[in-house]
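I opened this entry to look up the fold and the aromatic rings. My notes follow the structure.

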Amino acid sequence: MKKWLALLLTLVLAIGSQSCASAGTGLRSFSNQYEGYEFMYPNGWTEVKVPGAADVVFHDIVHETENVSVVISNVPEGKTLQDLGTPTEMGYKLSKSITAIAGDQDVELVSAQEISAGDKTYYILEYVADLPSGVRHNLASVIVRRGRLFTFNASTQENRWERVKDLMKQSVASFKVA
């Protein structure tokens with residue numbers, strides 16, 4: 001009887017510790033009320049200040065190059081996301097800007113799609129960029145609201161993509177602009 005209770009207790013503790021571990025790998029919320037956007041980012045990540053580059057950046061404390069960020073740019077007055085181009089056209093424009101920033105590097109647009117959420121349209125873009133620091137996998141969500149282009153980007157090293165792609169996809173899908 002004692003062996004059976006010990007086995008049962010061990011089983012309950014093992015299942016309980018697995019539940020805690022999986023709950024710890026979820027997402028946390030971030031909201032910028034002033035700029036009117038929100039998103040989810042992986043637990044255990046921390047906000048870092050990158051002056052002039054992005055409105056906000058969060059990165060993994062272990063894999064510091066793994067990050068999510070929001071960049072806000074002005075667009076011509078009265079322009080919509082569709083006015084700026086199709087998902088593929090916008091994807092190529094953003095890939096050219098990555099190439100311009102990183103030098104003459106290879107940036108491949110993997111996919112580009114349009115998602116509607118009520119009266120809002122988002123483009124979801126996926127890239128693989130061969131940069132001097134190594135090959136990176138990026139997901140982005142872009143939307144035009146209030147005369148500005150909001151770009152949410154999630155990025156990781158290609159060799160970590162399979163391990164973190166679900167969290168990255170959930171994070172990008174959670175990006176909302178009021």
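**Fold and aromatic rings**

I counted four helices and ten strands in the protein chain; helices (H or I, at least four residues) and strands (E, at least two) are DSSP runs, numbered from the N terminus. The model is predicted: local features need pLDDT of at least 70, side-chain atom pairs count only at pLDDT 80 or more, and totals for chains, interfaces and linings use all residues. Residues are numbered from 1 along each chain as its sequence is written, and side-chain values use heavy atoms, leaving out hydrogens and water.

From the N terminus, I read the order of elements as α-β-β-β-β-β-α-α-β-β-β-β-α-β.

I looked up burial next (buried is under 20% relative accessible area, 1.4 Å probe, protein chains only). Of the 178 residues of the protein chain, 38% are buried.

Then I turned to the rings. I found eleven aromatic pairs in the structure; rings of Phe, Tyr and Trp (its six-membered ring) pair if their centres lie within 6.5 Å, and planes under 30 degrees apart count as stacked. Tyr37 and Phe39 are stacked because their ring centres are 6.3 Å apart and their planes are at 10 degrees. Tyr37 is buried at 2% relative accessible area, and Phe39 is buried at 2% as well.

For Tyr41 and Phe58 I noted centres 4.0 Å apart and planes at 20 degrees, so this pair is stacked. Tyr41 lies in strand 2 (residues 37-42) and Phe58 in strand 4 (residues 56-60), so the pair ties together parts 17 residues apart in sequence. Both Tyr41 and Phe58 are buried.

Which residues form one aromatic cluster? I listed Phe30, Tyr37, Phe39, Tyr41, Phe58, Phe150, Phe152 and Phe175.

Methods: Buried < 20%, exposed > 50% of the residue type's maximum accessible area, 1.4 Å probe, protein only. Phe/Tyr/Trp six-rings, centres within 6.5 Å; stacked < 30°, edge-to-face > 60°.
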